[in-house]
Amino acid sequence: MPGLVVFGRRWRIASDDLVFPGAFELFIRAVWWIVTLVLYTNHKGRFDCQGGAYLHNYLVVLLVLLAVIILTLCAVVYISAQGTIMNPGPRRSMPALVYLRALLYFPELIWACLGAVWVSDNSTGCKPEEVRAVIGAVVSSWIILLSMVVGVLVVFDPLGSQKPGALPDAPLGVRDLESSESPQLTVASRVWESRLRLLCCCVPQDNNHRAAFSSISQLVSGFFLDTDLVPSDIAAGLALLLQEQDKMEHCRDPDEVLSHSPSSPIREDLELELEKATHFMQFAAAAYGWPLYVYSNPLTGLCKLSGDCCRNRQAEYDLVGGDNLGCHFTSILQSTGLQYRDFIHISFHNQIYEIPFFVALDHKREAVLVAVRGTLSLKDVLTDLSAECENLSVEGVSGTCYAHKEYTLVVTGHSLGAGAASLLAVLLRSTHPTLQCYAFSPPGGLMSKALADYSKQFVVSVVLGKDLVPRLSIPNMEDLKRRLLKMVSNCSKPKYKILMHGCWYELFGGTPDDFPTELENRREEVLNQPLLGEESLLVHRSNTYQSLSSDDSPSQPTHLPLYLPGRILYITEDGPTRRHCFSQVRYRAEWSSETSFRNVLISPRMITDHMPDVVLRALCSLTREQPFALCPSSMSNSHLNVI
């Protein structure tokens with residue numbers, strides 16, 4: 001940081017990103033040079049075969065060329081390891097070294113071609129080991145040259161040649177982004193939209209898909225446009241944030257834990273809601289169909305489903321109103337224990353903004369249950385990433401009502417289905433006073449404050465551990481970006497040391513980094529300008545950079561805040577944060593508030609804690625071990641931790 005500027009454009013690589021690739025190539029080149037030197041020494045003066053003079057000259061020039069390349073790589077690795085992420089001054093000679101290294105590819109290419117010609121035309125009569133050595137050198141040259149081409153394509157930035165443009169300072173909420181976007185933002189949106197179309201080339205392109213592509217591209221391009229981060233900067237920042245989070249967790253004093261629901265003074269409601277949540281989570285997981293069933297039952301799943309998957313049930317499909325369900329319906333029957341006659345409607349029709357669901361009679365709870373599937377397909381991902389807001393008119397709710405746009409309504413579900421379930425509950429509450437909703441791992445950016453408070457009467461959200469999705473909202477991501485920028489700005493260690501220590505800490509544990517800082521006393525206006533007079537793109541008039549002051553609060557909100565629905569039942573692991581792979585996991589449950597999910601927690605479990613089988617396993621463990629799982633623990637208040 002900033003991105004490396006060479007050949008008249010910015011690249012998605014910084015001047016301190018060449019330590020590891022340079023060291024790897026240096027190792028390959030050194031071994032190659034030693035092998036070539038041994039070959040030349042052993043055969044010196046004995047190149048008497050046809051074309052022997054060409055072989056002699058080829059090896060001599062190759063040794064000289066490799067020596068120059070090795071010296072250049074040594075300089076690249078050494079210079080790239082100097083300075084810090086935000087202090088590229090000691091690396092100011094890196095562009096010149098990059099130009100020199102690029103120039104050396106041309107003689108290497110020419111010599112690789114000459115070597116190929118010699119092997120094909122002039123190797124007759126030469127010893128096999130000589131020919132094999134030359135073939136190895138030629139093949140290695142071509143592999144390295146092709147790797148260089150692939151590397152250039154990877155770090156190429158389509159926006160690298162654009163001039164810095166002014167970003168809109170007005171808050172982005174329900175308004176149309178296109179009305180105030182800059183030319184650069186327009187170009188960035190087009191680039192991201194092209195990437196999405198290429199990624200989703202197999203998806204039919206209808207109006208809904210085009211609208212989703214446009215919305216997602218504007219969101220992503222606007223989020224990254226005001227920073228000069230490269231991918232390795234983000235990786236280093238996340239490694240530092242993870243260690244900072246763990247250090248704060250170990251040093252934090254025990255906080256007060258809610259032993260009852262915010263709307264109920266009775267502790268027994270926690271145990272009751274846990275039992276209900278465990279029961280309904282089985283239906284939410286069953287809505288995923290056969291993929292999750294086979295994944296959860298790897299040894300017996302296929303055998304249990306194989307007998308009924310191909311069975312002709314056309315009459316039954318007509319009765320339940322669903323599509324040709326096949327293994328999906330069979331897995332739902334196996335997961336829920338229901339009979340065919342208990343199902344009212346089943347649909348696995350999946351399009352963008354259209355989510356599969358089923359309606360069934362739950363005789364155990366004496367309820368009509370509607371379960372919707374969570375994210376399972378690429379179309380579901382596009383629905384998740386569509387972060388537009390839409391006004392809702394709800395009777396009895398004062399204040400502005402807006403929520404994440406959804407089109408399919410459900411009563412219970414997981415992830416994407418949980419968000420749809422919560423919105424359905426809000427819309428139907430006035431006509432169904434006894435309606436209840438159980439939302440498992442719902443998306444964080446879902447409801448306005450007024451709707452979230454209103455839904456506490458009938459919605460229970462269940463969140464496990466450091467699940468990313470309930471903490472995933474645009475304000476939270478902006479806060480994460482701001483904290484990441486402050487972390488990499490203040491750290492005085494070189495990036496390669498940060499990444500190496502981060503990998504070691506994640507794999508083997510140990511003590512979190514002590515985060516030595518050399519820039520912590522910088523004034524805000526210094527952080528807002530490119531360091532050491534270097535040209536840094538896309539950072540002028542940036543709210544993100546301007547907020548890098550001692551105050552952790554951003555200067556002004558850029559997006560309307562959205563919250564988790566209803567009462568929040570939070571489940572965490574009880575015990576040490578690091579454990580053996582085969583050790584038994586113990587959980588505890590407690591009521592939490594929406595304020596505990598205003599920050600993204602960096603953890604290797606931020607994705608696995610969201611998986612439906614993991615959530616169901618945690619709930620089942622709690623209902624079997626209530627005396628242990630529900631006892632208060634001062635060591636497990638991680639839901640109150642922030643980065």
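Here are legends for a few close-up views of this predicted model.

A quick note before you start: residues are numbered from 1 along each chain as its sequence is written. Local features need pLDDT of at least 70 and side-chain atom pairs count only at pLDDT 80 or more, while totals for chains, interfaces and linings use all residues; side-chain values use heavy atoms, leaving out hydrogens and water.

**View 1. The whole chain, before zooming in.** The chain has 21 helices and 12 strands; these are DSSP runs numbered from the N terminus, with helices (H or I) of at least four residues and strands (E) of at least two. Of its 643 residues, 51% count as buried. Buried means under 20% relative accessible area, exposed means over 50%, and partly exposed is in between (1.4 Å probe, protein chains only).

**View 2. Asp 157 meets Arg 10.** These two form a salt bridge, with their closest N and O atoms 3.0 Å apart. (A salt bridge is a side-chain nitrogen of Lys or Arg within 4 Å of a carboxyl oxygen of Asp or Glu.) Asp 157 sits in the loop between helix H4 (128-155) and helix H5 (183-199) and Arg 10 in strand S2 (residues 9-14), so the pair ties together parts 147 residues apart in sequence. Both ends are tucked away: Asp 157 is buried at 10% relative accessible area, and Arg 10 is buried at 5%.

**View 3. Lys 449 meets Glu 594.** Here's another salt bridge, and its closest N and O atoms are 2.3 Å apart. Lys 449 belongs to helix H15 (residues 449-455), while Glu 594 is in the loop between strand S12 (587-592) and helix H20 (612-624), so the pair links parts of the chain 145 residues apart. Lys 449 is partly exposed at 34%, whereas Glu 594 is buried at 11%.

**View 4. Asp 342, buried without a salt bridge.** Look in the loop between helix H12 (327-336) and strand S3 (343-347) for Asp 342. The nearest side chain of opposite charge is Arg 341, 4.6 Å away (Lys and Arg count as positive, Asp and Glu as negative; His and the chain ends are not counted). The Asp 342 side chain does make a polar contact with the side chain of His 363 (2.9 Å). A polar contact is a pair of N or O atoms within 3.5 Å; within protein, one must be able to donate a hydrogen and the other to accept it, and residues adjacent in sequence count only if both atoms are side-chain atoms.
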